[in-house]
Amino acid sequence: MIERDIRNEIVDLLCRYVYFLDHGKLEDWVECFSDNCRYKIITRENVEAGLPAGMLDCQGKDMLRDRVSYIRLASVSNIHRDRHILGAPHVTQAADGSYDVVTNFVVFQSEPDRDSRLFCLGYYEDKVVLVDGLLKLREKTVVLDNDSVTPLLSTPL
Amino acid sequence: MIERDIRNEIVDLLCRYVYFLDHGKLEDWVECFSDNCRYKIITRENVEAGLPAGMLDCQGKDMLRDRVSYIRLASVSNIHRDRHILGAPHVTQAADGSYDVVTNFVVFQSEPDRDSRLFCLGYYEDKVVLVDGLLKLREKTVVLDNDSVTPLLSTPL
Amino acid sequence: MIERDIRNEIVDLLCRYVYFLDHGKLEDWVECFSDNCRYKIITRENVEAGLPAGMLDCQGKDMLRDRVSYIRLASVSNIHRDRHILGAPHVTQAADGSYDVVTNFVVFQSEPDRDSRLFCLGYYEDKVVLVDGLLKLREKTVVLDNDSVTPLLSTPL
């Protein structure tokens with residue numbers, strides 16, 4: 001029996017997650033999630049006010065796939081490139097064996113002939129589970145510090 | 001005897017440290033330090049000029065508690081939110097068994113109805129010690145690359 | 001036989017790499033590379049267009065040393081300070097035993113009496129090898145998201 005180093009595997013999962021987003025591999029990004037996943041974007045302002053409604057709330061992998069199709073259609077002329085920088089994930093194990101992971105993030109955007117710019121920032125609250133021996137995102141809540149982001153028009157965060 | 005993974009515990013200590021700051025849990029932030037701690041903010045310019053005087057220099061946990069009380073009083077109308085992003089800590093063990101930890105950091109600030117902005121950046125020089133089996137900050141020196149920050153008016157870095 | 005924790009050693013190598021750059025220790029920076037190294041800076045635009053020509057392409061440690069000498073001569077009056085923030089490296093082992101490492105990065109610059117600013121960002125594609133028991137960079141490709149950077153005039157990235 002090999003003892004797994006779950007912490008390193010979670011770091012790898014997050015690395016792949018941001019690599020797929022930053023390099024436009026959105027179909028691969030969907031595969032970071034479990035089938036019964038939930039992906040939500042919410043402002044920190046709403047979290048602190050106890051208002052749980054998200055700017056975006058996808059339930060299940062099919063809804064994520066729909067969203068990717070929509071982005072593929074809508075963003076033909078969108079040539080910005082994202083770059084995620086993540087802090088170290090803080091990992092704790094929940095009573096049901098899943099892992100709760102909190103990670104600070106910042107996203108920069110670049111496009112030809114313009115200076116790169118700070119796009120958005122905040123933290124991830126993830127629930128990570130083992131599915132057939134692989135770590136998957138069961139829940140990802142993206143909490144945004146800045147409320148002026150329009151995620152409906154952007155690639156996922 | 002369980003062999004401890006000190007490196008991962010130091011990463012966790014830093015994660016908690018920035019989580020407490022970014023989420024306004026300043027009383028919890030104080031508990032990251034040992035009783036006989038020293039917390040100092042200094043510019044890189046002064047470090048390189050051999051001028052050790054800090055912009056802020058707190059000795060002992062009580063002085064940190066005083067500072068938190070002051071911030072609680074003074075910043076009623078301060079609604080900015082901080083977000084720390086840290087690089088990987090570089091850990092070495094000192095002759096006395098403590099750990100020297102150097103970590104690059106950047107802090108962004110957000111407030112309602114404004115774009116988030118780069119606030120300050122630099123590196124931490126920390127001395128981490130075991131106190132009753134828990135890792136605590138014995139010394140934290142925050143070295144700022146930018147000298148235009150006024151830490152007296154801000155939450156800790 | 002001691003089992004090495006290669007992942008942590010790679011994190012340490014990257015920590016030293018950025019520490020040397022951020023603190024002007026360019027001669028130490030050169031020592032992060034193997035003798036037969038390649039160091040290249042290229043824009044993401046060129047990578048995606050299949051144009052492999054770099055903005056900078058150094059082959060061998062001597063060429064890196066020449067570059068450091070040039071920077072020492074040219075940048076007498078250049079007083080900006082760099083600060084690298086790296087994401088977690090994603091490490092995979094290649095068939096020949098070397099390690100392929102992909103790491104997101106962002107660099108900020110500071111100078112006296114001015115606000116710090118976002119300088120450049122992108123990702124590193126590194127090939128890391130063991131040389132006499134030490135990890136060294138055999139290849140480093142710096143892929144820049146923003147194409148307005150002039151690396152010939154700057155310290156290495």
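Q: How many residue pairs are in polar contact across the interface of chain C and chain B?
A: This is a predicted model, in which local features need pLDDT of at least 70, side-chain atom pairs count only at pLDDT 80 or more, and totals for chains, interfaces and linings use all residues. Residues are numbered from 1 along each chain as its sequence is written, chains are lettered from A and ligands numbered from 1 in the order in which they are written, and side-chain values use heavy atoms, with hydrogens and water left out. A polar contact is a pair of N or O atoms within 3.5 Å; within protein, one must be able to donate a hydrogen and the other to accept it, and residues adjacent in sequence count only if both atoms are side-chain atoms. With both residues at pLDDT 80 or more, the number of such pairs between chain C and chain B is seven.

Q: Which element gives the most to the side of chain C that touches chain B?
A: Helices (H or I, at least four residues) and strands (E, at least two) are DSSP runs, numbered from the N terminus. Those giving two or more residues to this side of chain C are helix H1 (6-22), strand E3 (81-86), strand E5 (99-110) and strand E6 (117-131). With eight residues, the element that gives the most is H1(C).

Q: How many charged residues does the side of chain C that touches chain B have?
A: Here Ala, Val, Leu, Ile, Met, Phe, Trp, Tyr, Cys and Pro count as nonpolar, Asp, Glu, Lys and Arg as charged, and the others, Gly among them, as polar. By class, this side of chain C has nine nonpolar and five polar residues, and its charged residues number nine.

Q: Which residues of chain C lose the most area to chain B?
A: Contact (heavy atoms within 4.5 Å) takes in 23 residues from chain C and 23 residues from chain B. Buried area, the accessible area (1.4 Å probe) that two parts lose on being put together, summed over both, is about 1800 Å² here, with carbon and sulfur atoms giving 52%. Together giving 34% of what the side of chain C buries, the residues that lose the most are Arg81(C), Arg83(C) and Ile85(C).

Q: Which residue of chain B forms a salt bridge with Arg83(C)?
A: A salt bridge needs a side-chain nitrogen of Lys or Arg within 4 Å of a carboxyl oxygen of Asp or Glu. Three of them are found across the interface of chain C and chain B. In one pair the closest N and O atoms are 2.9 Å apart, and the partner of Arg83(C) is Asp145(B).

Q: Why do the copies meet through different surfaces, and what share of interface residues tells us so?
A: Between chain B and chain A, 23 residues of chain B are in contact with 23 residues of chain A. The copies meet through different surfaces because the share of interface residues of chain B that are also interface residues in chain A is only 17%.

Q: How far apart in sequence are the parts that Arg72(C) and Glu27(C) tie together?
A: The side chains of Arg72(C) and Glu27(C) meet in a salt bridge (2.9 Å, N to O). Arg72(C) lies in helix H4 (residues 61-74) and Glu27(C) in helix H2 (residues 26-30), so the parts they join are apart in sequence by 45 residues.

Q: Is Glu27(C) buried, partly exposed or exposed?
A: Buried means under 20% relative accessible area, exposed over 50%, and partly exposed in between (1.4 Å probe, protein chains only). With a relative accessible area of 44%, Glu27(C) is partly exposed.

Q: Which residue of chain A forms a salt bridge with Arg81(B)?
A: Across the interface of chain B and chain A there are three salt bridges. In one of them, with the closest N and O atoms 3.7 Å apart, Arg81(B) pairs with Glu48(A).

Q: Which residues of chain C belong to the network of salt bridges with Asp22(A), Arg81(A) and Arg83(A)?
A: Over all chains, the structure holds 45 salt bridges. Some link into a network in which Asp22(A), Arg81(A) and Arg83(A) are joined with Arg44(C), Glu48(C) and Asp145(C).
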